[in-house]
Amino acid sequence: MSGLAGSDPWRAEADDAARGRHAHRAARQGEELLSASAALSVRGLCKRFGPRVALSGVDLDLSAGEMLAVVGCNGAGKTTLLSIIAGVESPSEGYVSRSPDEVGWVPQQPALYSTLSVAENLRLFAALQRAADVDGVVAAMLAQTGLGGRANERVGRLSGGNRQRVNVALGLLSDPPVIVLDEPSTALDPPQRERLWDLICEIAANGSAVLFSTHILQEAHRYADRVLVLDEGETLFLGAPAQLLALTGCEEFERAFVALLEQRSAGR
Amino acid sequence: MRSVGALLRKDALILGRSRATAVVLLVYPAVIAVLIGLAISRAPGKPRVAIVDLTPPGQSVQLGGRRVGVSEYVDALFKQVDAVQVATRAAAEREVSSGEVLAAVVIPADVVSKISSGVSQAHVAVIYDGDALKQSLVRASIDSALAEANLALSRQLRSITLQDIDLLLKGGVSAAIFGAPSRLVGLAEIPAQLSALAVRQRSTAAAQELRRIASSTSYAVRNLQLSRAVLRTVSEPIAPTNVILHGRKTPLDAYAVVVAVTISLMFVGVLLAAGALALEREEHTLTRLARGSRASWWPTLRGRSAPRRGSAPRRGSAPRRGSAPRGESAPRGGPALVSIGELICAKALLAGACAFLLALAMLAVIGAFVPISWGRAGLWVVALGIGALAFAALGLAIGALVSEVRAASLLAFLVSLPLAFLALVPAGALASGIYDALNAISFLFPYKASLQALDAAVNRASPAIGLPLVHLVVLSVAFAAIARVALARVR
């Protein structure tokens, strides 16, 4: 699935009906289209909110240990895609190979009980996930996220960076094969961001497939193995960052992203 | 149920950590309970009223040949109020202004002459102060006291009059009727005596005249006898006889206890449930908890073990097997950490349990001040328990509609407070159409049903406890369903 999404990446789909046919075809042939080696496969994913199409025919495969960045302008469908993969939203059409309990979910807004301590938050969610050894899982997660020293501190009193680490830790509790992070570094200062990415890279290095969305294109360039560019719910580009640079002839990643969007607009 | 238990422990921990909430929850009902208890048990039975008696000492009303002292009227008035004797009108006005007394009654110097005249009504001045509500309350109390005093005086005057009528009819020794001979011949005896005299008369004309007078006297006697009953009726035309159609007469203080406890049950239940559910949205944890639950009916995913990290999904694994028909959505999901039903259950149990325990404690504390039947404690528990769950369900429906705790609390107050007032509006206080509309609104919320259930449990009031309990159960299910639908839409 690497490379351009179709022979002409800037070509708008003919119409919604064509997109619908594509999705149905993918649905019908879903079994055959899946990659046997993929940690996560998505086929023909569509999402409509009333008349508005938020996501249209998105396909992707993600390997174990791979980091895939989802980028796009506001309203491109990044959060919708990640929400469907995480099981927060249900798709209008299409399929995801993993059920929500197999996907670690790190939402954009830290989803934590600020009155509880770090350890209490972890313990609660570990218990809800029916962990066999709740205390062991909590201890391991505190160690992995470097929050051991803050275990008994209330989450509401933590810095934004540490709160986000707890947020990530909750996503990792069930040791999921896939972890989905929605703009994980938003609202963090550079040192906090750096520490968070170290943690995320470590997660990928341990074998989890990592799918994250971001508005900070340098992060996508720096940390992602591949990049999925969404525009108005459609896949505009899926491939390595270097391929995007080569495709657009730009030296800077951010410039390449903008050029891609401009070329698509011009092609309409 | 493990999830419900974990959520309950978490919510209890959060509740315990929020000192302000805990203090309000514990202190508020306790303070209210004690205040109500004191207010009910130590309420002044009689209004405190200043009385200024300007009549000259010893003045009495002349009635026939007898005298009724004005002091008897004042005494009657004193019995109806907590009287404070004051010498002058100015002093009385000062007492009223300072709030020492609710009102002052000034009995003017000419009251005796007015009553004695028999043609003009005597007046007493009543001095009030305060706002419209206080004036209304005081006026009602004073009017009632004055009416009682008037009635007492009237009864006394009637009694004297009846005695005089008796003397006129039956005759006897009398020193009371002014100008009467010391030995009165009763009018009732006169016809017989005149008839006897007529028989002894030789002159037919004289005999006929005596019989005519005897006949007229008989007529006067019959009417005078009738006047006794007329006098009784005129002095007190309507005497109330109280009949309770059904149920048992509930003392006002026992009913006030039930109202106060139900209001506390409502506030704690509704506010806690609404706040606890809104907190899940405010902290963004609802999504994490209920993630995947939207498609949890997807049968093939139930009970499937999750592949561990690094393992690739099997070809044709559950989410894609048995693909959805063309054109339909493709549901996917797994067991959520917590289903929406479990979440609602946990919140309802927490809020319901807190409301129940506090209301029960409140009832027990007030029970120390007001006599209530402890033998019916089992029914209290049932009424409070089901009422608490109904209020919690209402709170959940409110909490599911908003995403912030503050907004949930505000909305809970805005909904709850008018409901309590609506349920207390008595029949007949409003036009029937409006009353029916208010009744219909009250029917849709748990306050009135809870009040009826608790009143039946504590005071054996009507209607019996069964119907309100069924009503509460139906409302609980309905509000829980609303909360469930709302949460499924917003999570």
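Q: Let's start with A:Arg130. Where is A:Arg130 found in chain A?
A: A:Arg130 sits in the loop between α4 (118-128) and α5 (134-145) of chain A. Keep in mind that this is a predicted model.

Q: Okay, and what's the phi of A:Arg130?
A: A:Arg130 has a positive phi of about 60°, although it is not a glycine.

Q: Why bring up glycine there?
A: Most residues other than glycine have a negative phi.

Q: Which loop holds A:Glu232?
A: The one between β8 (226-231) and β9 (234-239) of chain A. A:Glu232 has a positive phi too, about 50°, and it is not a glycine. At 48% relative accessibility, A:Glu232 is partly exposed.

Q: Zooming out, how many helices and strands does chain A have?
A: Chain A has ten helices and nine strands.

Q: And how much of chain A is buried?
A: Of its 268 residues, 59% count as buried.

Q: What about the cysteines, then? Is A:Cys46 buried or exposed?
A: A:Cys46 is buried, with a relative accessible area of 4%. A:Cys201 is partly exposed, at 27%.

Q: Now chain B. At what angle do α15 and α16 pack?
A: Helix α15 (residues 446-459) and helix α16 (residues 466-490) of chain B pack at about 150°, and their axes are 9 Å apart. That angle makes α15(B) roughly antiparallel to α16(B), because angles over 145 degrees get that label.

Q: Which residues of α15(B) and α16(B) make the contact?
A: On the α15(B) side, B:Pro446, B:Ala449, B:Ser450, B:Gln452 and B:Ala453. On the α16(B) side, B:Pro468, B:Leu469, B:His471, B:Leu472, B:Leu475 and B:Phe479.

Q: Last one: is the crossing of α15(B) and α16(B) left-handed or right-handed?
A: α15(B) passes α16(B) in a left-handed crossing.

Methods:
Residues are numbered from 1 along each chain as its sequence is written. Chains are lettered from A and ligands numbered from 1 in the order in which they are written. This is a predicted model: local features need pLDDT of at least 70, side-chain atom pairs count only at pLDDT 80 or more; totals for chains, interfaces and linings use all residues. Side-chain values use heavy atoms; hydrogens and water are left out. Axes are lines fitted to C-alpha atoms, for helices over the stretch in contact, and angles run from 0 to 180 degrees between N-to-C directions. Helices (H or I, at least four residues) and strands (E, at least two) are DSSP runs, numbered from the N terminus. Angles under 35 degrees count as roughly parallel, over 145 as roughly antiparallel, 65 to 115 as roughly perpendicular and the rest as oblique. A crossing is left-handed if the near helix is turned anticlockwise from the far one by less than a right angle, and right-handed if clockwise. Contact means heavy atoms within 4.5 Å. Buried means under 20% relative accessible area, exposed over 50%, partly exposed in between (1.4 Å probe, protein chains only).
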